[in-house]
Protein chains: 2
Amino acid sequence: MPKPVSIILDWGTSSLRAALVSETGETLDTQDTTSGGIQFVKDGAFEAALMETVGSWFASHGPLPVIASGMITSRNGWIEVPYVDAPAGLAELAAGTKQLTLQNGATVTFLPGMRDPAAKPFPDVMRGEETQIVGFGLNKDCTVVLPGTHSKWARVEGGRIAGFQTYATGEVFSLLTKHSFIAKALEPAPGAEPVWSAFDLGAEFAASDARAADAFLSAVFSARTGVLAGVLKAEDIGDYVSGLVIGSEFRQARAAGWLIPGEAIGIVGNNVLNSRYGRVAPLFNLTVIPSPADAAKRGVQLIAGQLQLTK
Amino acid sequence: MPKPVSIILDWGTSSLRAALVSETGETLDTQDTTSGGIQFVKDGAFEAALMETVGSWFASHGPLPVIASGMITSRNGWIEVPYVDAPAGLAELAAGTKQLTLQNGATVTFLPGMRDPAAKPFPDVMRGEETQIVGFGLNKDCTVVLPGTHSKWARVEGGRIAGFQTYATGEVFSLLTKHSFIAKALEPAPGAEPVWSAFDLGAEFAASDARAADAFLSAVFSARTGVLAGVLKAEDIGDYVSGLVIGSEFRQARAAGWLIPGEAIGIVGNNVLNSRYGRVAPLFNLTVIPSPADAAKRGVQLIAGQLQLTK
């Protein structure tokens with residue numbers, strides 16, 4: 001086995017995921033535990049929770065450096081790391097880390113989140129996505145979208161993250177399809193293929209030149225009028241709304257200046273949403289820059305590497 | 001007591017509201033019952049439900065004509081009345097009514113809803129709001145908004161309703177403030193005055209020239225970033241989101257061509273929403289045409305009056 005050189009933690013509210021990593025970035029071993037999730041750790045006993053999860057790695061390989069990201073760096077976590085303001089690149093993110101030393105002498109480095117003070121109407125924030133963007137790459141000016149419950153649209157310029165804005169697309173999709181009268185959807189069967197025809201219908205309307213597509217509050221009502229018109233069946237609603245809200249996210253990102261038709265954009269993440277976003281991009285005359293599957297881990301390593309250079 | 005000349009029914013899913021009306025339109029008596037609501041009427045026994053509610057009026061005043069609107073005219077009601085297509089005015093709405101005769105000889109007239117076949121992406125529908133617009137008045141070209149769970153924006157032109165579109169603003173507000181992570185709000189105390197400063201903050205952003213205000217899916221995230229920035233308190237969130245979504249409805253109605261800055265618009269309805277909409281209108285350089293409080297009843301009487309002229 002290659003020599004382990006560090007431990008990378010994705011430490012969130014509900015779980016603690018640890019990876020033992022080699023010098024070349026290879027993942028040699030993993031530990032996943034829900035009992036280490038922040039919400040289950042009592043009285044600030046984070047060090048004990050960490051030792052329970054990765055203590056055997058320390059025992060075998062010595063006090064390896066640990067790099068932690070996720071909600072563990074928030075107010076409710078082990079140590080609160082202030083947001084680094086945009087624009088920021090590797091140097092600023094590395095300078096914004098905080099460290100502490102464990103009883104065994106190992107150093108834990110906590111990565112910061114990012115804040116865009118220029119966002120309207122209030123400064124916007126992210127915690128974790130900036131690390132994925134670093135892992136995607138800062139060497140080429142472009143726009144990057146990170147699909148999710150709270151999607152981020154970010155602009156990479158001159159080797160730094162110039163600014164970003166959150167779109168609550170995933171959450172609005174969930175509200176509409178789970179709780180609304182107008183767009184309540186059937187639960188898809190596990191592993192079922194999306195109804196792409198319905199998805200495309202929603203996305204194509206959002207990308208069309210119809211002025212009504214600028215009216216999101218009206219467009220969502222089309223989940224109902226589409227059924228009344230006999231165009232949508234009950235089993236289509238979920239994917240129709242998915243296409244409509246993701247398409248609307250692109251349309252609104254264009255209106256807000258985050259994307260420029262004809263450009264190439266990055267779609268960063270590792271979940272099923274990426275295929276949906278990739279399907280919408282050409283409707284807005286965008287090509288997609290391939291993203292590494294392990295952007296998050298790469299980002300952590302790049303920031304950690306930068307840190308060693310500067311200390 | 002003035003002589004009763006007709007009975008007007010607002011007959012919905014959950015209740016039946018009846019009014020005994022004089023020639024001058026005065027309401028002489030009312031009967032409200034939940035047991036007559038469509039969902040409680042078994043085996044299509046609508047005539048029995050009606051007689052139970054207004055039988056004593058027939059006994060005292062003879063077989064007065066009855067005019068019914070509401071979900072009683074839908075597929076799940078007594079008699080399904082097809083939608084009348086826009087553009088339509090008094091003549092078309094009257095021609096679209098359906099009638100039946102009760103065992104006592106009284107005639108029941110059921111009013112139609114309206115459909116806009118030109119709406120995008122699918123034809124839009126309303127059932128009841130068109131009658132309120134008639135009661136508001138068709139004599140002056142203008143835009144009319146009817147605030148609600150599913151607000152309607154309609155254009156009155158040449159004495160007819162030229163077209164309309166639904167905005168699901170009330171429903172989206174409810175989803176965000178009741179079920180979302182980003183904008184879950186405290187339940188306001190009964191009778192409490194809105195936090196107008198928070199409402200205005202949301203509405204003013206929606207009316208601003210910030211390009212980010214065109215991105216509704218992003219703007220809703222400001223309920224969270226406003227708290228993080230220390231601008232919004234927990235008790236502000238509900239009214240902030242209210243101002244933001246109503247302001248966004250105006251902004252989107254402007255983008256979709258329903259309102260023209262500098263015009264006067266009608267705000268029709270009789271609920272507390274009207275004061276909120278009236279507060280937003282000036283932010284979009286709109287003046288408000290006063291609406292009669294009893295627009296719905298006036299509309300019913302106008303359509304019924306038209307019917308007598310043409311039969």
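Student: How many residues does the contact take from chain B and from chain A?

Tutor: The contact takes 49 residues from chain B and 49 residues from chain A. Contact means heavy atoms within 4.5 Å. This is a predicted model, where local features need pLDDT of at least 70, side-chain atom pairs count only at pLDDT 80 or more, and totals for chains, interfaces and linings use all residues. Residues are numbered from 1 along each chain as its sequence is written, chains are lettered from A and ligands numbered from 1 in the order in which they are written, and side-chain values use heavy atoms, with hydrogens and water left out.

Student: What area do chain B and chain A bury between them?

Tutor: About 3800 Å², with 74% of it on carbon and sulfur atoms. Buried area is the accessible area (1.4 Å probe) that two parts lose on being put together, summed over both. In chain B, the residues that lose the most area to chain A are B:F122, B:L217 and B:F221, together 20% of what that side buries.

Student: Which classes make up the side of chain B that touches chain A?

Tutor: That side has 28 nonpolar, 13 polar and eight charged residues. Ala, Val, Leu, Ile, Met, Phe, Trp, Tyr, Cys and Pro count as nonpolar, Asp, Glu, Lys and Arg as charged, and the others, Gly among them, as polar.

Student: Why is B:T225 called buried?

Tutor: B:T225 has a relative accessible area of 3%. Buried means under 20%, exposed over 50%, and partly exposed in between (1.4 Å probe, protein chains only). So B:T225 is buried. B:T225 sits in helix α7 of chain B. Helices (H or I, at least four residues) and strands (E, at least two) are DSSP runs, numbered from the N terminus. Leaving aside neighbours within four places in sequence, B:T225 is in contact with A:F122, A:P123 and A:D124.

Student: What makes A:D214 and A:R251 a salt bridge?

Tutor: Their closest N and O atoms are 2.8 Å apart. The limit is 4 Å, so the pair qualifies. A:D214 lies in the loop between α5 (196-207) and α6 (216-219) of chain A and A:R251 in helix α8 (residues 237-255) of chain A, so the pair ties together parts that are 37 residues apart in sequence.

Student: Are these two residues buried or partly exposed?

Tutor: A:D214 is partly exposed at 35% relative accessible area. A:R251, at 7%, counts as buried.

Student: How do you know that B:R17 and B:D10 form a salt bridge?

Tutor: The closest N and O atoms of B:R17 and B:D10 are 3.3 Å apart. That is within 4 Å, so the label holds. B:R17 counts as partly exposed at 41% relative accessibility, and B:D10 counts as partly exposed at 35%.

Student: What about B:R279 and B:D200?

Tutor: Their side chains meet in a salt bridge at 2.8 Å, N to O. B:R279 is in helix α9 (residues 273-280) of chain B and B:D200 in helix α5 of chain B, 79 residues apart.
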